Amino acid sequence: MAPNIDNNKTHITFITAEETYGVRHPVLRPGRPIEDCEFENDTHKDTFHLGLYVNSLLIGVVTFMKASKDIFEHKDQYQLRGMAVLEAYQGLQYGKLLVEKGEGIVKEKNGKIIWFNAREVALKFYTKCGYKIIGDAFNIPKVGTHYMMFKILK
Ligand SMILES: CC(C)(COP(=O)(O)OP(=O)(O)OC[C@H]1O[C@@H](n2cnc3c(N)ncnc32)[C@H](O)[C@@H]1OP(=O)(O)O)[C@@H](O)C(=O)NCCC(=O)NCCS
């Protein structure tokens, strides 16, 4: 049965790129080699990773990295990547908490916009978090249909 958010002690903290693999691997790269969990610029100085712990267990991760797209006129763009919550803990607001925490940190770093390539299955989640689609659907090999989404930070 899915755990009840109210009965669990949760906290969000900075983690390393390698620590994200504990959630990236089963959720985003199931059945694939662990090396496939590594993203370009994972260890860049401007990249940060957040982990959400429930009772000391890492159950959710997200990564933010500086990356610019010409389509946006704003400077100081951040790309959200590797958003994942362990299956047993999905639908309990943990993903939203991670996104909101990341947005706050990006703002502290003077980031003006967050964008990313969203899996089709996650569109509703990101819409609930206040993100909008820009452009048409496109395919990412081995992963599937994606849409670019963004939010201008206020
Ligand atoms: C997508 C994901 C990160 C969302 O995290 P989560 O903790 O399950 O989502 P939350 O509980 O924080 O959901 C926040 C809101 O989005 C909604 N939502 C989340 N996933 C949804 C879905 N698949 N369909 C419809 N609504 C969804 C929730 O109902 C909630 O709405 P509310 O605020 O009105 O109650 C998580 O389900 C996941 O890891 N999925 C598999 C990996 C994946 O697709 N990652 C995204 C790659 S781009």
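This briefing covers salt bridges, a charged surface patch, a β-hairpin and backbone angles in a predicted model. Local features need pLDDT of at least 70 and side-chain atom pairs count only at pLDDT 80 or more, while totals for chains, interfaces and linings use all residues. Residues are numbered from 1 along each chain as its sequence is written, and side-chain values use heavy atoms, with hydrogens and water left out.

Helices (DSSP H or I runs, at least four residues) and strands (E runs, at least two) are numbered from the N terminus. Residues are called buried under 20% relative accessible area, exposed over 50% and partly exposed in between (1.4 Å probe, protein chains only).

**Salt bridges**

- The whole structure holds 4 salt bridges, each defined as a side-chain nitrogen of Lys or Arg within 4 Å of a carboxyl oxygen of Asp or Glu.
- One of them joins Asp42 to Arg24, with the closest N and O atoms 2.8 Å apart.
- This pair links distant parts of the chain, 18 residues apart: Asp42 is in the loop between α1 and β2, and Arg24 is in helix α1.
- Asp42 and Arg24 are both buried.
- Another salt bridge connects the side chains of Arg32 and Asp36 at an N to O distance of 3.0 Å.
- Asp36 is partly exposed because its relative accessibility is 24%, and Arg32 is partly exposed at 23%.
- Lys45 and Asp46 also form a salt bridge, 3.4 Å from N to O.
- In this pair, Lys45 is exposed at 73% relative accessibility, whereas Asp46 is partly exposed at 23%.

**Negative patch and Glu38**

- Glu18, Glu19, Glu35 and Glu38 form a negative surface patch.
- Patches take residues with over 30% relative accessible area and no salt bridge, joining like charges within 9 Å and nonpolar side chains (Val, Leu, Ile, Met, Phe, Trp, Tyr) within 5 Å.
- For charges, Lys and Arg count as positive and Asp and Glu as negative, with His and the chain ends not counted; the charge is placed at NZ of Lys, CZ of Arg, CG of Asp or CD of Glu.
- Accessible areas come from the Shrake-Rupley method with a 1.4 Å probe, and for residues only the protein chains shown count as cover.
- Glu38 lies in the loop between α1 (17–28) and β2 (48–54).
- With a relative accessible area of 54%, Glu38 is exposed.

- Strands β6 (residues 132–140) and β7 (residues 144–152) run antiparallel and are joined by 6 bridges; strands pair if DSSP finds at least two bridges between them.
- Ile133 has Met149 in β7 as its bridge partner.
- The two strands, β6 and β7, form a hairpin with 3 residues between them.
- Lys142, in the loop between β6 and β7, is exposed at 71% relative accessibility.

**Positive phi angles**

- Most residues other than glycine have a negative phi.
- Lys142 has a positive phi, near 75°.
- Asn41 likewise has a positive phi, near 70°.
- Asn41 is located in the loop between α1 and β2 and is partly exposed, with 39% relative accessibility.

**Gly51**

- Gly51 is in strand β2 and is buried because its relative accessible area is 0%.
- Its C-alpha atom is separated by 9.0 Å from that of Thr63, 12 residues apart along the chain.
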